[in-house]
Every structure is written in structure tokens, then in C-alpha cells.
Amino acid sequence: MAFKWFKKKKDDVAPPAETDAASVDAGLPEEAAAEAPVAAHTREEDITAAEAADESGTDSVPAGEDSSSDVQALSENGGSGLFARLKSGLSKTRKILTTDIDELFLGKKIVDDDMIEDLEELLITADMGVQTTMDIMERISGKRSRISGAGELKRVLKEEILAYFDTVPDAPSDSAIQPHVVMVVGVNGVGKTTTIGKLAAHQSRRGKKVLIAAADTFRAAAIEQVAIWAERAGADIVRHKDNADPAAVAYDGIEAAISRGVDTVFVDTAGRLHTKVNLMEEIKKIQRTLAKRLPDAPHEVLLVLDATTGQNALSQAKMFNDALGVTGIALTKLDGTAKGGIVISICSSLNIPLKYIGVGEGMEDLQIFDPQQFVEALF
Ligand SMILES: Nc1nc2c(ncn2[C@@H]2O[C@H](COP(=O)(O)OP(=O)(O)OP(=O)(O)O)[C@@H](O)[C@H]2O)c(=O)[nH]1
Ligand SMILES: [Mg+2]
């Protein structure tokens with residue numbers, strides 16, 4: 001089976017829509033964007049700019065490009081570089097699940113109680129979480145009479161891990177609705193903006209018209225950061241000044257997207273601790289505001305989790321899900337010091353689809369999560 005990749009294909013990136021509006025910064029060169037002062041302006045200016053863009057009839061969709069669904073598009077891409085990166089990111093976990101399991105069997109032919117205990121410890125070390133580990137161990141114990149060596153144990157373990165992925169529901173598809181609105185949320189520094197940049201670039205390459213609403217008005221430099229990603233991705237951006245009401249930016253983003261005939265809107269939100277009630281109320285307000293302009297929006301709430309945070313990711317997911325109804329998860333930084341067991345823990349404990357995994361900081365370092373290939377990389 002081919003791995004599902006984002007592939008770097010710079011030349012294919014569709015140009016951003018050309019407007020004279022201060023609200024659209026997609027045309028800035030990278031260096032200029034990095035140094036440019038924030039073009040502070042009001043909500044009215046953004047809407048006017050959107051209308052002007054619409055009247056000018058600009059369209060960033062290159063002729064002849066396929067505009068089929070995102071998931072389909074990703075499955076067509078292939079490449080061994082990202083698989084290698086994922087494999088190398090998962091090397092610690094792979095050692096636990098291969099070498100360490102081999103060692104368990106040294107001098108033994110059957111699975112005894114000591115071995116069960118040692119295996120339990122190994123799975124917890126791999127970040128599978130206590131509950132998931134107990135669950136897996138119970139199933140393995142039931143099959144222990146059939147397990148006669150390390151190879152067989154690994155095969156059973158693989159089977160059990162794959163079974164978790166089958167129970168997770170499918171993520172919503174974006175093909176029917178325009179604009180398709182994706183609100184991206186998560187705690188600080190997990191990779192929300194980077195993930196938006198990667199997804200926006202991918203969609204642009206597919207010939208889709210993309211707009212990013214810079215609704216992180218809280219962190220200094222957040223707007224410039226997302227503007228650089230928009231420029232790289234060939235996406236439009238709607239932005240207000242620092243400390244503006246993020247819900248107003250989100251609203252204007254949809255307003256502009258509707259008038260410009262945009263296919264996909266990504267709403268970049270500020271990082272927030274899932275335990276801070278006022279910040280969670282603020283993000284609920286952003287969600288409600290989106291629905292005021294476009295009923296059913298946001299069509300997706302994408303929660304970004306940092307794989308290196310381990311089991312804390314689960315409590316983040318639970319609280320964001322309670323507040324917003326998360327439709328999918330992007331798990332970033334699997335190329336780093338993360339233990340791969342967190343993927344299994346997320347899929348077994350949460351009834352939320354794991355949609356994407358991030359394996360690096362670059363534009364192309366994101367892939368649709370493929371359970372089969374993930375397990376191949378693990379063992
Ligand atoms: N190694 C690695 N780094 C990543 C990945 N995704 C994001 N990063 C890095 O993580 C850091 C934070 O990324 P951002 O996209 O700014 O995170 P954010 O969630 O938008 O942060 P805030 O807006 O401050 O909450 C940056 O240095 C990214 O390059 C990944 O998959 N792998
Ligand atoms: Mg950000």
C-alpha cells in the first residue's frame with residue numbers, strides 16, 4: 001500500500017488572489033512579510049476588500065487542476081522520505097516493541113506471568129497509557145497459549161493495535177460544502193499554525209482556493225507568522241490588528257471567503273490551556289460566531305496535539321472536545337522525541353478520528369494518518 005504523503009511541489013502552488021486590499025497579505029515575499037509591520041485595519045476594511053476582490057473576478061484556481069476531495073488527493077501522493085522520517089521518529093518505540101520484546105523471550109519458550117508483567121511495563125514505557133495497556137494485556141493473556149515466540153507475540157500485538165484503529169469513526173469530508181470551514185484549536189505551541197500552513201499549501205496545489213483567518217490576535221507576531229505561511233501556501237489571509245476580537249476576525253474570514261468563492265477557510269486560533277475556563281469560553285464564542293455567518297460552520301474542528309506531551313494530550317482532547325465537539329485530530333512532532341504509543345492511546349481512548357500526523361516543520365511534512373503504515377513503521 002502506498003503511504004499517503006504531502007509532496008513538495010513548489011511550482012504547482014496556485015498564486016494568491018490578487019486584491020489591492022490591506023487585508024490580503026498573501027503577496028508579501030517571505031522576508032518582507034517577516035519584517036513588515038502588521039497592517040492594522042478594521043473589520044469594515046476587510047469586508048470592503050473582500051468585495052473588491054470579488055468584483056475584480058480574481059480566481060486562484062489554475063485551469064485543469066483537479067479539485068476532488070482532500071483525502072483522495074492525499075492518497076495519490078507518495079514518497080519514501082516522510083516514511084523514513086516517521087520511522088526514525090518512532091525508533092525508540094520500535095526498539096521497545098522489537099528488541100525489548102525479543103529479549104523477553106530469551107531462554108523462554110512460553111509466555112509466563114513474569115513475561116506478561118514485563119510486557120505491560122514495556123507498553124507503558126512506549127506511552128500507550130495505563131488503560132490501553134491493561135486492555136491490550138488482557139487480550140494477549142487470553143491468547144498466550146498460542147504464542148510460542150517473540151515473532152508470534154509481535155504479530156498478535158500488531159493485530160491488537162490495528163483493531164483499535166478500526167473502531168474510530170471517519171472524519172468529515174470536505175467535498176460538498178463551500179466554503180468548507182476548518183477551525184484549528186489546541187494548547188500553546190502544539191503546531192496549529194504550521195499545520196494550517198501545510199494543509200493550505202496542499203489544498204492550493206490541488207487547485208483549491210484557500211483563505212486563512214488570522215484569529216490568533218493574542219500572541220505577538222502570530223499574525224506575521226500566519227501571513228508568511230499564507231504567502232508560501234498561495235492562500236489569502238484576513239487579518240486584523242493585534243488584540244482585536246478573534247471572533248470578529250473569524251467572522252470576516254467567512255464573509256470574505258463567501259464573497260470571493262473560496263473553497264476552504266482555515267481559522268487559526270490562539271493557543272490556550274484547556275483548563276482555563278475564560279479562554280475556553282472565548283473559543284466557544286469564535287465557534288458560535290462562525291455559525292452566525294454560515295450555518296453549520298465550522299464544518300471541522302481540528303484539534304492539534306503535540307505527540308511529545310504524552311498522556312497529557314488525552315486530557316487536552318477531552319476538554320476541547322467537551323467545549324467544541326472536535327471532529328478530527330492532527331498529531332504533530334512524531335519526528336521528535338515522541339513515543340509512538342500515544343497514537344494508539346489516542347485512538348483507543350477517544351472516539352475522535354486521528355486525521356493527520358506531522359513529521360517535521362516543513363511544508364510537506366504532514367500526512368494523512370494511515371494505521372496500517374503506522375504499524376509498519378512501529379515494528
Ligand atoms: N519537529 C516538528 N516540529 C513541528 C511540527 N509541527 C510544528 N512544529 C514546530 O512547532 C513549533 C510551534 O509551531 P506553531 O505552528 O507555531 O504552533 P502553534 O500551535 O500555532 O503555537 P501558538 O500559536 O503559539 O499556540 C514551531 O517551531 C514549528 O515549526 C512537527 O510535526 N514536527
Ligand atoms: Mg499559532
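## A quick tour of the fold and the ligand shell

Of the 379 residues of the protein chain, 47% count as buried (20 or more other C-beta atoms within 10 Å of a residue's own, with C-beta atoms placed from the backbone; 12 or fewer is exposed, and in between is partly exposed). This is a predicted model, in which local features need pLDDT of at least 70 and side-chain atom pairs count only at pLDDT 80 or more, while totals for chains, interfaces and linings use all residues. Residues are numbered from 1 along each chain as its sequence is written, and chains are lettered from A and ligands numbered from 1 in the order in which they are written.

**Overall layout**

- The protein chain has 16 helices and 8 strands, which are DSSP runs numbered from the N terminus (H or I of at least four residues for helices, E of at least two for strands).
- Among contacts between residues at least 6 apart in sequence, 81% join residues at least 24 apart; a contact here has C-beta atoms, placed from the backbone, within 7 Å.

**Helices H10 and H11**

- H10 (residues 192–205) packs with H11 (residues 222–233) at an angle of about 20°, their axes 8 Å apart; axes are lines fitted to C-alpha atoms over the stretch in contact, and angles run from 0 to 180 degrees between N-to-C directions.
- That makes H10 roughly parallel to H11 (under 35 degrees; over 145 is roughly antiparallel, 65 to 115 roughly perpendicular and the rest oblique).
- On the H10 side, Thr-193, Ile-196, Gly-197, Ala-200, Ala-201 and Ser-204 take part, meeting Gln-225, Val-226, Trp-229, Ala-230, Arg-232 and Ala-233 in H11.
- By class, this contact of H10 with H11 has 7 nonpolar, 4 polar and 1 charged residues (Ala, Val, Leu, Ile, Met, Phe, Trp, Tyr, Cys and Pro are nonpolar, Asp, Glu, Lys and Arg charged, and the others, Gly among them, polar).

**Around ligand 1**

- Ligand 1 is surrounded by 22 residues, the closest being Gly-191, Thr-193, Thr-194, Gly-271 and Gly-358; the cut-off is a C-beta atom, placed from the backbone, within 6 Å.
- H10 gives the largest share of this shell, 3 residues.
- The shell has 4 nonpolar, 11 polar and 7 charged residues.

**Buried spots**

- Leu-302 is found in strand E5 (residues 300–306), and counts as buried because it has 24 C-beta neighbours inside 10 Å.
- Beyond its neighbours within four places in sequence, Leu-302 is in contact with Val-182, Val-184, Gly-328 and Ala-330.
- Helix H15 (residues 341–349) has 8 of its 9 residues buried, so H15 is largely enclosed by the rest of the structure.

Key:
Two residues are in contact if their C-beta atoms, placed from the backbone, lie within 7 Å.
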